[in-house]
Amino acid sequence: MRSLLSFVVLSLALCSAAEPTVSPYVQYEKRVRTPEGWSLKGRHPPDAIVPLRFALSQRNINAIGEYLMEVSHPKSKNYGKHWSAGQVLERFAPSEETIEVVRAWLLENGFESNSVKVTPNKGWIEVSATTEEAERLLQTEYNIYSHTTGKEHLACDSYHLPLHIAPHLDFVTPTVHFDSRLTRRSESSDGQPARAVGQPGSGSSPKTTGSFAGSIASDLSTCDQFITLDCLRALYAFYYSPVAASKNSYGIVEYTPQAYLQSDLDMFATNFSRPLYGKAPYMISIDGGYAQTQYQGFGYNGESDLDLQYGMSLVTAAQEVTLYQVGDMVEGASFNNFLDAIDGSYCTFEGGDDPTQDGIYPDPYGGGYKGPEACGTAKPTYVISTSYSYNEADLTPFYTARQCAEYAKLGLMGITVLYSSGDYGVAGNGGLCLNPNGTQTLGGKIFNPSFPSTCPYITSVGATMVPPGSTVYEPETACEEIIYSGGGFSNYFAMPEYQKEAVDHYLQNYYPDYPPDIWNSTGVSRAHPDISANGANYVVAVDGQFLLVYGTSCSTPVSGAMFTMINDARLAVGKSPIGFINPTIYSTRFAGLFNDITVGNNPGCGTTGFNATYGWDPVTGLGTPNFPKLLAAWLELP
């Protein structure tokens, strides 16, 4: 797991050693600051209970990238030979040695055998300790912190582990982590919902300039002002009718309270995609998710209407589209809740969900979903498009690494995962930038990358546009209307081998003229986006009227539709789905198969951001898809 986090400052020298019953302690994790809004209230009472949980290290997790390359790189003899879910779970389960070493340590420190519990999946060991016992065990001090909302949190500044125990654990809770709850109602007195992934007004939502006057030309003459299905088909030569629809699937993920309106789908179909009139997506409800109609408006319907109107239309009425609607109206949901539903092993992988980040079901709040948590209840589609994101700095390094490893597991199973790269250029959602102390503010000067876009095991999608006065037959530019394509360099994840040559070319020939303390200038961090597609001036039916919509929320489902149709062609001739596409699209075999974008920037944090240029760049990635070329190249692979 820790190989995913090359830039996380964890003061620990992990080493292999014999198994002494007594070994020196080393500092394991240290928190460098108290997060914004929290203040020290006082010491935790010595006789109070601390529910300690020890996340056991997973076998072979450091090799997950190598395993993924074996089935994903076009030069590999195992290309396309994807794993089953059972094979994935078996390969990464914790070892018996890890379980016994940690358990023995706890028993040696005075805990009763019947109080030391190993979870059913063997991912965690749990024990309830008094504050005094926990402090002695971890060589730390526990304090209570108070938030401005009145919420209290138990934490320590740092903790220590014996040298022989450290290699067997990923982390311990509760300790240094201050993961603020992003997905459920705040305990604040005003009772307003926390700004979560699916909440209206969250920074990852699409943007709109509102309705527009006049009519849209029936030809391609106004694609610089109004993007329609015909414009997209012309831009990317995307003319394809599915021939293996029953074998294929395309998944789009939405988070409650975001929801589509069938009347909007029908309005769009009447004007642009008549075969889709009256057709709805196949909805899978996860943790109480449903297409709510209680709240309406662009903030509630814009994302889902956009994703489904374009995603469903581009794969045609012949191809079923699966809508994963995640979370109830009270608690909401996170990416992890969705991952739980499509892969049951993830519910318990590394101990399961984090209650400070993820929706926990049955919902403990009044009026919420009372059924069991969805766990392995939804079949994953071959392509999954998600137009939501966090700032990387919103989440702890462990949280992002844990989730990133799951995306690698999905790739091993032949699933293509797409995420939007963000709409604020080098800044984070809402235009927030980092400060030297790690906080995020509008006045910050340090570039603030997006997650999951920076995870090396997903495909990150940026945004382009047809510049004013241009046609679909001329090159696009980076999107610089209303939104700016998110892109840059991770502060958490190392650069994967598959993109090293492309990114090195950019850094050697177009090195950014910025001081090294405002961006990750090391040259060894994960770079994003990987690809782009149009993200400006989309005509979308929302609440009974047509609006112009902008964002990587536009480009991501459009890209997913194209990859879904490439899967269709491969499945029709008995081949496997394309799975994790990054090693393939960065390979020399696929050089020149994307339309290179060489004009534009992605401003943010008081700068003009990075620039689009020849080859890969941190604004538009490798460029936009040339569908016929990509289709032909993937059909040539085994």
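**Helix packing and nonpolar cores**

In this predicted model, the axes of helix 7 (residues 298-315) and helix 11 approach to within 9 Å and cross at roughly 25°. Because angles under 35 degrees count as roughly parallel, helix 7 is described as roughly parallel to helix 11, and the crossing of the two helices is right-handed. On the side of helix 7, the contact is formed by Glu-303, Leu-306, Asp-307, Gly-311, Leu-314 and Val-315, while helix 11 contributes Ser-553, Cys-554, Pro-557, Val-558, Ala-561, Thr-564 and Met-565. By class, the residues of this contact comprise eight nonpolar, three polar and two charged.

In soluble globular proteins, nonpolar side chains tend to be buried together. The largest nonpolar core of the model has 137 residues, and those with the most contacts inside it are Phe-338, Tyr-407, Tyr-538 and Trp-634. Helix 11 (residues 552-572) gives the most to this core, supplying eight residues. Apart from this core lies another, of 33 residues, which includes Ala-55, Ala-129, Tyr-159 and Phe-398. Within the largest core, Tyr-407 is one of the residues with the most contacts; when residues up to four places away in sequence are not counted, Tyr-407 touches Phe-335, Leu-339, Val-417, Tyr-419, Pro-452, Cys-455, Tyr-457 and Ile-458.

Methods:
Residues numbered from 1 in each chain as written. Predicted model: local features only at pLDDT ≥ 70, side-chain atom pairs only at ≥ 80, totals over all residues. Heavy atoms only, no water. Core = buried A, V, L, I, M, F, W, Y, C linked by side-chain atoms within 4.5 Å. Buried < 20%, exposed > 50% of the residue type's maximum accessible area, 1.4 Å probe, protein only. Helix = DSSP H or I, 4+ residues; strand = E, 2+ residues; numbered from the N terminus. Contact = heavy atoms within 4.5 Å. Axes fitted to C-alpha atoms, helices over the stretch in contact; angles between N-to-C directions. Parallel < 35°, antiparallel > 145°, perpendicular 65-115°, else oblique. Left-handed = near helix turned anticlockwise from the far one by under 90°. Nonpolar A, V, L, I, M, F, W, Y, C, P; charged D, E, K, R; others polar.
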